[in-house]
Amino acid sequence: MGCRRRAPASELLRIVAVGDEAGHSLRPDPARRLPGRGANMHPDPACFAQAVRRRAFGRALRITGVPDHGELAEHVDAPTTTSGQPDRTRVASKVGRPT
């Protein structure tokens with residue numbers, strides 16, 4: 001969506017817009033299970049920055065206004081594995097440890 005390059009769906013990150021009282025927020029959907037209209041983009045910070053600059057999310061998801069992309073930005077900026085998904089090993093290794 002940001003860089004407009006084509007790629008297999010397995011290499012792209014699905015994004016959905018979730019509406020609430022404050023407007024729309026963009027959520028990553030790596031499992032491709034969330035309901036609603038989705039859009040795909042490369043899980044790359046450069047592609048994300050281009051999509052934000054071009055205001056592509058509103059057109060692709062057919063929503064009005066400027067959506068909140070904070071949660072999506074955190075997901076895209078997170079360290080990734082070769083599959084394009086965030087590296088959960090660092091988070092999982094800390095689960096259950098006393099602080």
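Author: A definition comes first: two strands pair if DSSP finds at least two bridges between them. The model is a predicted one. In it, I15 stands opposite A39 in β3.

Reader: How do you know that β1 and β3 pair?

Author: Strand β1, residues 13–20, and β3 are joined over 4 bridges in the antiparallel sense. The definition asks for at least two bridges, therefore β1 and β3, with 4 bridges, count as paired. One of the residues concerned is V16, whose bridge partner in β3 is G38.

Reader: What makes β1 and β2 a pair as well?

Author: Here 6 bridges join the two strands, which run antiparallel. Since at least two are required, β1 and β2 also qualify as a pair. V16 takes part here too, with R27 as its bridge partner in β2. A hairpin of 2 residues joins β1 to β2.

Reader: Why is L61 called buried?

Author: The relative accessible area of L61 is 5%. Buried means under 20%, so L61, at 5%, is buried. L61 lies in helix α2, residues 56–61.

Reader: Which residues is L61 in contact with, leaving aside its neighbours within four places in sequence?

Author: They are I15, V16, A17, L26, R37, G38 and A39. Contact requires heavy atoms within 4.5 Å. L61 and V16 are 45 residues apart in sequence, while their C-alpha atoms are 7.3 Å apart in space.

Reader: Is S25 buried or exposed?

Author: S25, which is found in strand β2, has a relative accessible area of 13%. That value is under the 20% limit, so S25 is buried. Apart from neighbours within four places in sequence, S25 is in contact with V16, A17, V18 and D68.

Reader: What makes F48 and F57 an aromatic pair, and why is the pair called tilted?

Author: A pair of aromatic rings is described by the distance of the centres and the angle of the planes. The ring centres of F48 and F57 are 6.0 Å apart. The definition requires centres within 6.5 Å, so F48 and F57 form a pair. Their planes are at 45 degrees. Stacked would need under 30 degrees and edge-to-face over 60, therefore 45 degrees makes the pair tilted. A search of the whole structure finds 1 aromatic pair.

Reader: Which element gives the most to the lining of the largest pocket?

Author: That is α2, with 4 residues. The volume of the largest pocket is about 170 Å³. Its lining includes A51, V52, F57 and H69. The elements that give two or more residues to this lining are α1 (45–54) and α2.

Conventions
Residues numbered from 1 in each chain as written. Predicted model: local features only at pLDDT ≥ 70, side-chain atom pairs only at ≥ 80, totals over all residues. Heavy atoms only, no water. Buried < 20%, exposed > 50% of the residue type's maximum accessible area, 1.4 Å probe, protein only. 1 Å grid on protein atoms, 1.4 Å probe; cavity = no way out; pocket = protein on both sides within 12 Å on 5 of 7 lines; lining within 4 Å. Points joined across faces, edges and corners; volume = space filled by probe spheres on them.
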